[in-house]
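Let's take a walk through a protein model together. Have the sequence and the 3D view ready, and look things up as you read.

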Amino acid sequence: MLKILFLCLFALLSTKTAFADSIKINEFLANPQGEEKEWVEIYAPGKDNLNGYYLQDKNDHEKGNKKTFDNIEHCGNYFIWEFDGGDGWLNNSSEESIFLYDSADSLLDSYENWSAAAEGKTTGRIPNDSGDFKVNKEPSRCATNIADVPSPIPDPSPSPSPTPTSSTSTSSTKSSPSPK
């Protein structure tokens with residue numbers, strides 16, 4: 001009986017750890033265009049909420065400020081947190097870092113010392129959750145990230161081969177007068 005209880009407890013703790021280990025920063029928009037806001041996408045399969053979790057950037061990390069998830073969008077395996085504080089939160093002109101913490105103040109994930117975010121492009125893990133951070137071709141908010149891969153140069157299409165035309169030629173023979 002004690003073995004069964006121990007195995008059940010171990011399974012429960014392992015499952016909780018597995019979910020916690022899979023919570024990652026998945027994509028972020030640091031340099032939005034126009035009226036769009038900065039946002040961070042958290043990949044958290046199996047989670048219903050992220051109560052107590054928070055983000056920090058390099059500046060917040062040094063000062064102890066927290067960006068809490070009081071107002072966060074949940075869409076499937078993803079959560080989207082938008083910065084709603086004016087001019088922006090993430091630094092676009094010098095080195096920046098982003099950190100994700102759980103409710104026990106444990107660092108879950110980070111992407112550190114990046115710079116020069118492209119306007120209107122996001123940075124995200126390719127593939128989701130486990131890959132390296134790369135620039136995304138298009139923001140993929142609440143969806144699978146798409147790498148900004150250069151388009152292949154298309155092969156020139158072959159020009160159509162000339163097709164023989166059938167023509168009926170009529171030849172007329174003219175006799176020319178023979179010299180005398």
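Here is a short tour of a pocket, a strand and a few backbone details.

## Before we start

This is a predicted model, so local features need pLDDT of at least 70, side-chain atom pairs count only at pLDDT 80 or more, and totals for chains, interfaces and linings use all residues. Residues are numbered from 1 along each chain as its sequence is written, and side-chain values use heavy atoms, with hydrogens and water left out.

## The largest pocket

Rolling a probe the size of a water molecule over the atoms shows where empty space is left. Here, a pocket is an open set of points on a 1 Å grid over the protein atoms alone where a 1.4 Å probe fits, with protein on both sides within 12 Å along at least five of seven lines. The largest one has a volume of about 170 Å³, a volume being the space filled by probe spheres set on the points, which are joined across faces, edges and corners.

Which residues line the largest pocket? They are N71, I72, E73, I80, W81, E82, D84 and R141; a lining residue has an atom within 4 Å of a point. The elements giving two or more residues to this lining are β5 (72–75) and β6 (78–82), and β6 gives the most, with 3 residues. Strands are DSSP runs (E, at least two residues), numbered from the N terminus. By type, the lining has 3 nonpolar, 1 polar and 4 charged residues. Asp, Glu, Lys and Arg count as charged, Ala, Val, Leu, Ile, Met, Phe, Trp, Tyr, Cys and Pro as nonpolar, and the others, Gly among them, as polar.

## A strand covered on both faces

Now find strand β3 (residues 54–57): Y54 and Q56 on one side and L55 and D57 on the other are all buried. Buried means under 20% relative accessible area, exposed over 50%, and partly exposed in between (1.4 Å probe, protein chains only).

Two strands pair if DSSP finds at least two bridges between them. β3 pairs with strand β4 (residues 67–68) in the antiparallel sense over 2 bridges, and L55 has K67 as its bridge partner there. β3 also pairs with β7 in the antiparallel sense, over 4 bridges; in β7, Y101 is the partner of Y54.

## Backbone details

Where is D105 found? D105 sits in the loop between β7 (96–101) and β8 (107–114), and its phi is near 65 degrees, a positive value in a residue other than glycine. D105 is partly exposed, at 46% relative accessibility.

N113, in strand β8, has a positive phi near 60 degrees and is partly exposed at 43%. Finally, the peptide bond from I126 to P127 is cis, with omega near -5 degrees; P127 belongs to the loop between β9 (123–126) and β10 (132–135).
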